[in-house]
Amino acid sequence: MSIVTVQLGQCGNQIGFEVFDALLSDSHSSQGLCSMRENEAYQASCKERFFSEEENGVPIARAVLVDMEPKVINQMLSKAAQSGQWKYGQHACFCQKQGSGNNWAYGGI
């Protein structure tokens with residue numbers, strides 16, 4: 001069974017990146033706290049559930065990145081691609097053209 005995460009806002013996108021980075025590093029680790037067989041099963045299920053693969057074998061995170069401004073999403077997309085280990089899908093993000101910084105000041109209480 002596959003899992004798709006939804007990463008919301010700056011914090012959600014930054015934490016989501018760290019989660020996928022940790023999952024992938026776990027799936028490449030040769031050391032585990034259990035038997036080799038159990039570790040291999042964990043690694044296989046981790047890759048299967050949280051990543052899909054491109055034709056060239058690069059893991060693609062099963063995630064949707066959502067934010068009001070593109071800055072953080074663009075940072076996470078490039079950071080994942082620069083790792084060389086995994087990346088986000090090309091069409092896995094949704095953002096507005098402008099941010100919402102300090103929009104609370106325009107609302108009424």
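A salt bridge here is a side-chain nitrogen of Lys or Arg within 4 Å of a carboxyl oxygen of Asp or Glu. The model is predicted, so local features need pLDDT of at least 70 and side-chain atom pairs count only at pLDDT 80 or more, while totals for chains, interfaces and linings use all residues. Residues are numbered from 1 along each chain as its sequence is written, and side-chain values use heavy atoms, leaving out hydrogens and water.

Searching the whole structure turns up two salt bridges:

| Lysine | Glutamate | Closest N and O atoms |
|---|---|---|
| Lysine 79 | Glutamate 18 | 3.9 Å |
| Lysine 87 | Glutamate 54 | 2.9 Å |

Lysine 79 sits in helix 3 (residues 70–83) and glutamate 18 in helix 1, so this pair ties together parts 61 residues apart in sequence. Helices (H or I, at least four residues) and strands (E, at least two) are DSSP runs, numbered from the N terminus. Lysine 87, in strand 5, and glutamate 54, in the loop between strand 2 and strand 3, are 33 residues apart.

Lysine 87 also turns up in the sheet, where isoleucine 60 stands opposite it. That open sheet has three strands in the order 2-3-5, with mixed pairing; strands pair if DSSP finds at least two bridges between them.
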